[in-house]
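Trainee: Could you take me through a protein model, feature by feature, and show me how to read each one?

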Amino acid sequence: MSGPELRRLATRLPARLAAVAAAVPGRARSVADVGAGDGQLARHLAARGLRVVATERRPPSYARLRVALPGLDCRLGEGLEVLRPGEVEGVVLAGMGGHSIARIVDASPAVAGALDWLVLQPQQHADRLVAWLEAAGWRIDARDIAVQGRRSYTVLLVTGHERS
Ligand SMILES: C[S@@+](CC[C@H](N)C(=O)[O-])C[C@H]1O[C@@H](n2cnc3c(N)ncnc32)[C@H](O)[C@@H]1O
């Protein structure tokens with residue numbers, strides 16, 4: 001895909017997802033978008049050249065995701081359970097509550113511990129998520145705020161798991 005086409009895809013993202021996409025490290029080669037929803041972000045990251053796994057946890061939303069992302073690796077299942085350790089460099093967890101994100105990361109220590117980075121965009125309880133991450137041995141490398149409409153959204157780049 002050419003540079004101009006890629007930029008057009010990027011500008012189509014709403015501000016919240018554009019900030020999530022911008023937090024994905026430029027050197028990244030693979031990513032899982034966990035809870036990919038309508039697949040907008042996964043499509044954008046694939047257009048950027050990343051190998052993308054897009055997941056959903058319920059059959060109806062998974063079926064919609066497969067239709068939205070023909071040809072992409074879509075998986076049905078809970079959180080990080082659909083991934084093997086080391087299969088992707090990083091994950092995106094966006095549009096969920098901070099407690100849900102913490103639960104998903106905590107539930108799969110082997111997969112989480114093998115990640116180079118996580119991009120997290122909690123809809124609520126961002127500070128509690130940050131406190132949980134730090135207590136669990138993760139490092140917050142970058143924190144951004146995206147404004148969309150009347151809301152602002154926290155976007156975190158997290159690395160360096162020290163527990164495993
Ligand atoms: C509000 S949507 C956000 C979609 C997209 N990530 C975004 O930011 O626009 C949250 C999505 O996460 C999915 N989800 C929630 N918990 C999940 C889990 N434990 N494992 C996989 N998907 C999950 C939901 O089905 C839903 O599609």
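Mentor: We will go through the sheet, then a crossover and its helix, and then the surroundings of the ligand.
This is a predicted model, in which local features need pLDDT of at least 70 and side-chain atom pairs count only at pLDDT 80 or more, while totals for chains, interfaces and linings use all residues. Residues are numbered from 1 along each chain as its sequence is written.

Trainee: In which order do the seven strands of the open sheet lie?

Mentor: Strands of a sheet pair through backbone hydrogen bonds, either parallel or antiparallel. Here the order is β3-β2-β1-β4-β5-β7-β6, with mixed pairing; strands (E, at least two residues) and helices (H or I, at least four) are DSSP runs numbered from the N terminus, and two strands pair if DSSP finds at least two bridges between them. The edge strands, β3 (73-76) and β6 (139-148), each pair on one side only.

Trainee: Which strands show the parallel sense, and which the antiparallel?

Mentor: β1 and β2 run parallel and are joined by five bridges, with alanine 32 opposite valine 53 in β2. β1 and β4 also run parallel, joined by four bridges, and there valine 34 stands opposite leucine 93 in β4. By contrast, β6 and β7 (residues 151-159) pair in the antiparallel sense over nine bridges, and arginine 143 has leucine 156 in β7 as its bridge partner.

Trainee: How many residues of β1 are buried?

Mentor: A residue is buried if 20 or more other C-beta atoms, placed from the backbone, lie within 10 Å of its own. In β1, four of the five residues are buried, and the strand is mostly covered. From β1 the chain crosses through α3 to β2 in a right-handed β-α-β crossover, meaning that, with the strands pointing away from the viewer, the path from the first strand over the helix to the second runs clockwise.

Trainee: Why is helix α3 described as largely enclosed by the rest of the structure?

Mentor: Helix α3 (residues 40-47) is described in that way because six of its eight residues are buried, among them Leu41, Arg43 and His44.

Trainee: What surrounds the ligand?

Mentor: A residue is near a molecule if its C-beta atom, placed from the backbone, lies within 6 Å of it. There are 17 residues around the ligand, and the closest are Gly35, Gly37, Arg57, Ala94 and Gly95. The elements that give two or more residues to this shell are β2 (51-56), β4 and α5, and β4 gives the most, with three residues.

Methods:
Buried ≥ 20, exposed ≤ 12 C-beta atoms within 10 Å, placed from the backbone.
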